[in-house]
Amino acid sequence: MAEEDGAGTGGTEASGTGTAGEYEDVPDARLTELLRSPTATAYPALQELRRRHHPAVLAYARLCAAGESAARRLATEVLTTAARETARGVDPAVPLRHRLLLLTARLAADWAGDERSAGVDPGLLLVLNASGLPEGPTPPLLPAFRSLPSRTQGLIWYGVLEAEPQGRTAAFLGLSGVDVAYGTPQALKALAQACLRDRLAASDDPRCADFRRLIEEAVRPDGPRRSPDLDAHMARCPHCTAAFDDLRSLRDAPRQALAEGLLPWSGTAYIRAGEPPAAPGAPAVRPSWPPRRRLLLASAALGVALTPLLVFVLTPAHSDDQQPTAATPTPPPVTVTATVSVTPSPSPSPSPTTSPSPVSSSPTPGPSRPATHPPRTRKPTPTPTPSFAPPGTSFAQVVNLATGRCLDIRDGDLSQGNDVITAPCSSADTQRWRFDTYLGVLRSGADDTFCLDSRGSTDRGLGIWTCDSVYGGNGDNLRFTVDPDGTIRPNIAIETAVTPYGRYGVSLQPLDDSGEQRWRAGAR
């Protein structure tokens with residue numbers, strides 16, 4: 001979003017009166033409506049939607065991306081794209097969180113088609129290439145799911161697939177707890193019927209419609225009835241077979257069936273990512289080997305362990321000056337210890353500090369002995385690297401990894417619109433910044449009412465502007481994302497990053513994962 005006259009957003013813009021916390025129990029549909037309104041409630045509504053759905057989007061982005069940095073970048077792009085589409089009036093045909101996850105896969109497919117393909121998970125790249133479709137394969141249950149009413153979709157998605165508590169599901173959908181409790185099982189049955197209709201309608205065989213009742217009887221939860229006629233028909237009909245498999249999966253493992261049927265990639269991994277970890281101290285479950293295989297493995301292990309002992313017992317004893325007879329060959333000796341050569345210190349005086357060198361197994365150096373194998377070499381100890389922390393929520397210097405210079409305000413002048421530059425690090429308050437995670441802004445330590453400003457463009461440099469302007473129409477100009485690797489990306493162009501330019505300047509350059517685009521928190 002461009003700003004007028006190259007400066008930040010105007011200080012006379014109305015600031016929002018609502019906060020994201022006030023919308024905690026507001027349904028997704030209502031929050032979506034607020035995003036389309038020009039009132040001051042639009043931004044708090046957006047913040048609530050981000051708070052509500054960002055963890056799930058990031059979890060799925062981690063499955064679609066090749067690394068943590070790429071996953072966070074993808075999640076940010078998803079939320080930004082969804083907000084823009086919503087503001088333009090694009091209405092989701094599925095529950096909002098489901099739409100965000102589908103958008104995650106769609107944008108990952110876009111990445112796969114250009115220079116960003118290195119950021120896409122290799123397995124997903126194979127699926128996209130094999131499908132031959134720009135956005136990848138369509139999830140198998142998605143057409144049937146989209147044919148259901150929005151309320152039914154929401155109960156299935158939040159109540160079953162996401163396994164949200166009844167209270168949260170009710171809040172997301174604007175329903176009561178009773179509606180959720182009694183409506184969820186009925187919604188799942190409605191999806192099963194929709195899947196059956198969708199599968200049979202796709203068949204060109206007119207006889208498939210006659211087997212509908214038999215398929216329903218075959219997957220009844222109480223006393224299913226199989227039919228020889230149905231079995232014979234399914235042996236040559238992929239549509240009825242798919243319908244039978246859909247209904248049986250929804251009956252036996254509904255959550256996993258929904259995840260694999262409604263997400264284009266790694267559905268099972270997504271629902272498992274939200275499961276609590278195993279209780280500490282619980283014994284690990286190991287695969288159970290068949291008794292005969294266990295016996296063979298134990299015998300083999302015992303044989304290996306007894307080999308040195310058998311060699312010792314069966315080798316004839318003889319003195320050093322005797323040679324073994326030709327009729328009784330001696331097995332090669334088995335080496336059970338390793339010798340390590342230690343170079344004595346050139347200085348006889350003891351070192352005041354503990355040496356990291358390995359201690360010899362012998363207390364006093366003795367004459368050199370031939371080793372039965374080459375001496376073990378000690379790898380050099382790597383030089384420890386200083387701990388790295390990206391700019392965080394406490395005021396600290398923002399230091400560039402490549403130049404060692406700090407983010408500063410030109411001449412220390414806190415005039416609205418003044419430039420942000422790099423300068424040699426000092427104790428000046430203008431070099432201290434903190435990341436406000438609630439608003440997504442970088443506040444100045446010299447005056448926390450001023451924030452880093454992208455000026456609405458990638459070619460105008462950076463400046464400072466009043467933080468209250470974040471609630472206005474050009475609020476995205478002040479919002480940034482700080483990645484764990486120290487990359488600072490503006491919301492107006494998330495594919496760029498804050499980068500030193502020239503001797504003192506700062507600009508927004510395309511992401512290249514270089515040290516120039518990484519910043520760390522320095523002295524506080």
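How many cavities of 30 Å³ or more does a search of the whole structure find?

1. The search finds three. Here a cavity is a set of points, on a 1 Å grid over the protein atoms alone, where a 1.4 Å probe fits but cannot get out. A volume is the space filled by probe spheres set on the points, which are joined across faces, edges and corners.

2. A word on the model: it is predicted, with local features needing pLDDT of at least 70 and side-chain atom pairs pLDDT 80 or more, while totals for chains, interfaces and linings use all residues. Residues are numbered from 1 along each chain as its sequence is written, and side-chain values use heavy atoms, without hydrogens and water.

3. Now to the largest cavity, with a volume of about 120 Å³. Its lining (residues with an atom within 4 Å of a point) includes Thr-32, Leu-46, Arg-50, Leu-79 and Leu-100. By class, eight lining residues are nonpolar, three polar and one charged; Ala, Val, Leu, Ile, Met, Phe, Trp, Tyr, Cys and Pro count as nonpolar, Asp, Glu, Lys and Arg as charged, and the others, Gly among them, as polar.

4. Helices H1 (28-35), H2, H3 and H4 (96-112) each give this cavity's lining at least two residues. Helices (H or I, at least four residues) and strands (E, at least two) are DSSP runs, numbered from the N terminus.

5. Next, look at the second largest pocket, of about 690 Å³. Among its 29 lining residues, Arg-50, His-54, Phe-435, Thr-437 and Gly-440 are the closest to the centre. A pocket is an open set with protein on both sides within 12 Å along at least five of seven lines.

6. H2 (42-64) makes the largest contribution to that pocket's lining, seven residues. The lining comprises twelve nonpolar, eleven polar and six charged residues.
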